[in-house]
Amino acid sequence: MHWDIAFANFDYFLYGNTSLDWSFPFIHNPEGLVASVILAIFGIFGAFWIGLAAGLMRLSRKWWIKYPSVCYIEMIRGMPLLLLIFWFYYLAPVVTGQTMPAFSTTMFCFMVFTSAYVGEIVRAGVKALPKGQMEAARSTGLSHVQAMKLVILPQALRNMIPSFVNQFVSLTKDTSLAAILGVIELTRTGVQVDNRETVASFEIWITIACLYFAICFILTSYSRRLEAQLSRYQARDR
């Protein structure tokens, strides 16, 4: 066993050659687990808001709002994430005349891909509520938009938390696909160290797996705590 090799490279797995300073952005040349976490955080944040908009658009009764969202969601969901990454990476120079950095390309793809699934989660979460909720809200004088914002979405989003977390955990693991474009995230650091050392493949990849597990476990644990907290608030309001 060669656990000493894995431990000797543990700091490289965590942050690689990442540098910090006080000029924006504060993290420069992110690598290792730091790069994976940044990709996941920005991917999750962007996907939530894009997916929320797409899901609400799909619920619209106006065809010119609904059908563009339907086309977007179904097209992205029917496309493998790896193909989407290659598509954007090689299409960008054709459209813009400039090559997008691999890190930015993968981050954008994570947002676009995950937002399609978030849109379906939002649609299903809103549809799961009794129709009387909207009717009761409208009867108080609220407009459709106000009823959706103040009455429907707060209830629906609480019920969507488990589905959101499952999707975001999946996105965290999918950040390993950034290695295909040469982004030195966690998986790529494992490849580099494994190719250099050659005698500690088992130990290196067990260490990489444990780091991914730690991040995903933190996400799921936080979601369970958030669910419990929201359930207590809901019970107290009743």
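**Surface, fold and buried polar residues**

Q: How much accessible surface does the protein chain have, and what share belongs to carbon and sulfur atoms?
A: About 13800 Å², with 65% belonging to carbon and sulfur atoms. Accessible areas here are Shrake-Rupley values with a 1.4 Å probe, and for residues only the protein chains shown count as cover.

Q: What kind of model is this, and what are the ground rules?
A: This is a predicted model: local features need pLDDT of at least 70, side-chain atom pairs count only at pLDDT 80 or more, and totals for chains, interfaces and linings use all residues. Residues are numbered from 1 along each chain as its sequence is written, and side-chain values use heavy atoms, with hydrogens and water left out.

Q: How many helices and strands in the protein chain?
A: 10 helices and two strands. These are DSSP runs numbered from the N terminus: helices are H or I with at least four residues, strands are E with at least two.

Q: And which pattern along the sequence?
A: α-α-β-β-α-α-α-α-α-α-α-α.

Q: What box do the C-alpha atoms fill?
A: Roughly 70 × 50 × 35 Å, taken along the principal axes.

Q: What percentage of the residues is buried?
A: Buried residues make up 39% of the 238 in the protein chain. Buried means under 20% relative accessible area, exposed over 50%, and partly exposed in between, using a 1.4 Å probe and protein chains only.

Q: What share of the contacts joins residues at least 24 apart?
A: 67%, among contacts between residues at least 6 apart in sequence. A contact means heavy atoms within 4.5 Å.

Q: Charges next. How many positive and negative side chains, and how far apart are the centres of the two sets?
A: 19 positive and 14 negative, with the centres 21 Å apart. Lys and Arg count as positive, Asp and Glu as negative; His and the chain ends are not counted. Each charge is placed at NZ of Lys, CZ of Arg, CG of Asp or CD of Glu.

Q: Switching to Glu-185. Where does it lie?
A: Glu-185 sits in the loop between α8 (144–174) and α9.

Q: Buried or exposed?
A: Glu-185 is buried, at a relative accessible area of 0%.

Q: What does the side chain of Glu-185 reach?
A: The backbone nitrogen of Thr-187, at 3.0 Å. The Glu-185 side chain also makes a polar contact of 3.3 Å with that of Tyr-212. A polar contact is a pair of N or O atoms within 3.5 Å; within protein, one must be able to donate a hydrogen and the other to accept it, and residues adjacent in sequence count only if both atoms are side-chain atoms.

Q: What else is Glu-185 in contact with, leaving aside neighbours within four places in sequence?
A: The list includes Gly-32, Ala-35, Ser-36 and Thr-175. Tyr-15 is 170 residues from Glu-185 in sequence, but their C-alpha atoms are 8.7 Å apart.

Q: Thr-175 came up. Where is it found?
A: Thr-175 is in the loop between α8 and α9. Thr-175 is buried, at 0% relative accessible area.

Q: Which backbone oxygen does the side chain of Thr-175 reach?
A: That of Thr-172, at 2.6 Å. Not counting residues up to four places away in sequence, Thr-175 touches Ser-36, Leu-39, Ala-40, Phe-110, Glu-185 and Tyr-212.

Q: What about Ser-69, which helix is it in?
A: Helix α4, residues 63–77. Ser-69 is buried, at 2% relative accessibility.

Q: Which backbone oxygen lies 2.6 Å from a polar atom of its side chain?
A: For Ser-69, that of Ala-54. Beyond neighbours within four places in sequence, Ser-69 is in contact with Ala-54, Met-57 and Arg-58.

Q: Backbone check. Which phi does Asn-29 have?
A: A positive phi of about 50 degrees, although Asn-29 is not a glycine. Asn-29 is in the loop between β2 (27–28) and α3 (32–58). Asn-29 is partly exposed, at 46% relative accessibility.

Q: And what is the phi of Thr-198?
A: Positive, about 65 degrees, and Thr-198 is not a glycine. Thr-198 is in the loop between α9 (186–197) and α10 (201–237). Thr-198 is exposed, with a relative accessible area of 56%.
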